Every structure is written in structure tokens, then in C-alpha cells.
Amino acid sequence: MPLIVNGKQADAPADPRVSLLDHLRENLHLTGTKKGCNQGACGACTVLVDGERILSCLALAVQYDGRAITTIEGLADGDALHPLQAAFVEHDGFQCGYCTPGQICSAIGMAGELERGVPSHVSTDLSGRASWTREEIQERMSGNLCRCGAHNGIVDAIRATFAAEASA
């Protein structure tokens, strides 16, 4: 089965040892997904698979045959940014921008976790109701590092995008 990347079929790599990150960047030329530590510690390579966030540097591309992979390039609708992308701009949620694609993909996956009622280490309500507190977002996004220190803008962008949706 082919990979489904950003809604389009893509061939799996010939070599089954190729990471999803390397396949996206080197073979499919989707360079928005960044290679940071290449050890799963920084989150720069985060993409969505069937709506859930994964670290693409730790995943083999062949593991995702037939699954829907979404990279930062697949979030916008033509020239219209995804609401979270626009919020990152509005709230200055980036400085150098290197971690931004992983941060955005991770936050979208995190929003799905909150919608499904998946608790985190700091969740105070285990009944499944979403909590968009700063502490909750910081905990859930702790696997995505920003070396420039734009964390406040990142959290503000996430809250502005998803907390408004949750209360609507």
C-alpha cells in the first residue's frame, strides 16, 4: 500500500530502514518537517498520523503504509493558513521558526487528545472534560523544545485557537 501524505498517495521508500522523517525530507521533498536531535528528544520532527502526533525520526516510513500522514505543508488550505498557523503569527509563537512546524503539528495532535479526554500528568479532572489551562498545555507540549524561548507565544497561540473552539 502507498503512504498517504497530505492527502496524496506517495510511494514508500525502497529501503525499509528509512525513517519517516528522512523519507518526507529526502524523497518527497517536504522539508517543513525538521530534523533536530534525530533521537526523539526535541519534537522538531513531529507530524500527524491519522490525527495523532508522532516523532517521525523514530518511525520507519514503511510502518505507515495506507495511513494518513499530515505534515506542516498539509495543514493550510491553499493560501489560507490553518487557524493555528495564523495564531502563531499573531501571538509571535516563533522566533527562528525551526521548531514551529513540529510545535504546530504537536498542538493539533494535543487538541485531539483533549477532545478524546486523554489525561496528562497535570490533569485535575479525569472525567474527560477538556482543560485549556496554561499548565495543561505546557505539560502536553513539553516534548517540543523551543531553544529561542518563544514558549509564551506558543501557549498563547494554542489557547487562542483551541480554547475558543472548546468553549463554543
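**Aromatic pair, helix and sheet**

I looked up Phe162 first: its relative accessibility is 8%, so Phe162 counts as buried (under 20% relative accessible area, with exposed over 50% and partly exposed in between, for a 1.4 Å probe and protein chains only). The model is predicted, so I kept to its thresholds: local features need pLDDT of at least 70, side-chain atom pairs count only at pLDDT 80 or more, and totals for chains, interfaces and linings use all residues. Residues are numbered from 1 along each chain as its sequence is written, and side-chain values use heavy atoms, with hydrogens and water left out.

I then searched for ring pairs (Phe, Tyr and the six-membered ring of Trp, centres within 6.5 Å; planes under 30 degrees apart are stacked, over 60 edge-to-face, the rest tilted), and the count came to one aromatic pair. The rings of Trp132 and Phe162 have centres 5.7 Å apart and planes at 20°, so I noted the pair as stacked. Trp132 lies in the loop between α3 and α4 (134-140), whereas Phe162 belongs to helix α5 (residues 151-167), 30 residues apart. Trp132 is also buried, at a relative accessible area of 12%.

Next I turned to α3, residues 100-116, where helices are DSSP runs of H or I with at least four residues and strands are runs of E with at least two, numbered from the N terminus. Just after α3, I found Gly117 with a positive phi of about 80°.

Last, I recorded an open sheet of five strands, ordered β2-β1-β5-β3-β4 with mixed pairing (two strands pair if DSSP finds at least two bridges between them).

Terms used:
The expected span of a helix is 1.5 Å times one less than its number of residues.
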